[in-house]
Amino acid sequence: LALLDLLEQRGHSPDGFTLSAVITSCVDCGHWERGLGLLRTMQERFVAPTVVAYNAAMAACLMGRKWETSLHLLEDMLQHRLKPDVVTYNAMIRCSQHSQRFEIVLELLQDMQRRGLQPAVLTYTSSASA
């Protein structure tokens, strides 16, 4: 995060790839709240978030058991005309499953199929656990 501040101080704006990597790093280090905050900051100050950035934020929702936030992120993605992918849905399904929101898991699986996305093995494994 200090590197982002340094880039900004020197008049550079990080791109979507860089910010996605930082969000992922925050999540990997257990700082899921910072990762979600960085997505908001990204929207406010830097660049339009990418699908990869949203997927990293979905991973933060999984870590923080924030299934409702993951649904809001999906809505936000769609408003930005981004297309959620299998990774997006896998994270949302796992988040909902860990939060014992089994009805949401089934809705997400159906929505995924309506969008023409082919569920992966992980999708079915997470769904079956619900």
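**View 1. Confidence across the protein.** The protein has an average pLDDT of 83, and 91% of its residues score at least 70; pLDDT is the predictor's confidence in each residue, from 0 to 100. This is a predicted model, in which local features need pLDDT of at least 70 and side-chain atom pairs count only at pLDDT 80 or more, while totals for chains, interfaces and linings use all residues. Residues are numbered from 1 along each chain as its sequence is written, and side-chain values use heavy atoms, with hydrogens and water left out. Where is confidence lowest in the protein, and where is it highest? Helix α8 (residues 121-129) has the lowest mean, 62, and helix α5 (residues 67-79) has the highest, 90. Where pLDDT is low, the predicted coordinates should not be read in detail. Helices (H or I, at least four residues) are DSSP runs, numbered from the N terminus.

**View 2. Helices α6 and α7 side by side.** Two packed helices are described by the angle between their axes and the distance between the axes. Helix α6 (residues 86-98) packs against helix α7 (residues 102-114) at an angle of about 165 degrees, and their axes are 8 Å apart. That makes α6 roughly antiparallel to α7 (the term covers angles over 145 degrees). Axes are lines fitted to C-alpha atoms, for helices over the stretch in contact, and angles run from 0 to 180 degrees between N-to-C directions. The crossing of α6 with α7 is left-handed, meaning that the near helix is turned anticlockwise from the far one by less than a right angle. From α6, the residues V86, Y89, M92, I93, S96 and Q97 meet F102, I104, V105, L108, L109, D111 and M112 from α7; contact means heavy atoms within 4.5 Å. By class, this contact of α6 with α7 has 10 nonpolar, two polar and one charged residues. Here Ala, Val, Leu, Ile, Met, Phe, Trp, Tyr, Cys and Pro count as nonpolar, Asp, Glu, Lys and Arg as charged, and the others, Gly among them, as polar.

**View 3. Helices α4 and α5.** Helix α4 (residues 51-64) and α5 have axes that come within 9 Å and cross at roughly 170 degrees. The two helices, α4 and α5, are therefore roughly antiparallel to each other. On the α4 side, V51, Y54, A57, M58 and C61 make the contact, and on the α5 side T69, S70, L73, L74, D76 and M77 do. Sorted by class, the contact of α4 with α5 has eight nonpolar, two polar and one charged residues.

View 4. Is S70 buried or exposed? S70, in helix α5, counts as buried at 0% relative accessibility (buried means under 20% relative accessible area, exposed over 50%, partly exposed in between, with a 1.4 Å probe and protein chains only). Leaving aside neighbours within four places in sequence, S70 is in contact with M58, C61, M92 and C95. S20 is in helix α2 (residues 16-28) and counts as buried at 3% relative accessibility. Not counting residues up to four places away in sequence, S20 touches T50, V52, A53 and A56.

View 5. R101 lies in the loop between α6 and α7, and at 29% relative accessibility R101 counts as partly exposed. Residues up to four places away in sequence aside, R101 touches W67 and S96. Q118 sits in the loop between α7 and α8 and counts as exposed at 61% relative accessibility. Q118 and V86 are 32 residues apart in sequence and 7.3 Å apart in space, C-alpha to C-alpha.

Key: Parallel < 35°, antiparallel > 145°, perpendicular 65-115°, else oblique.
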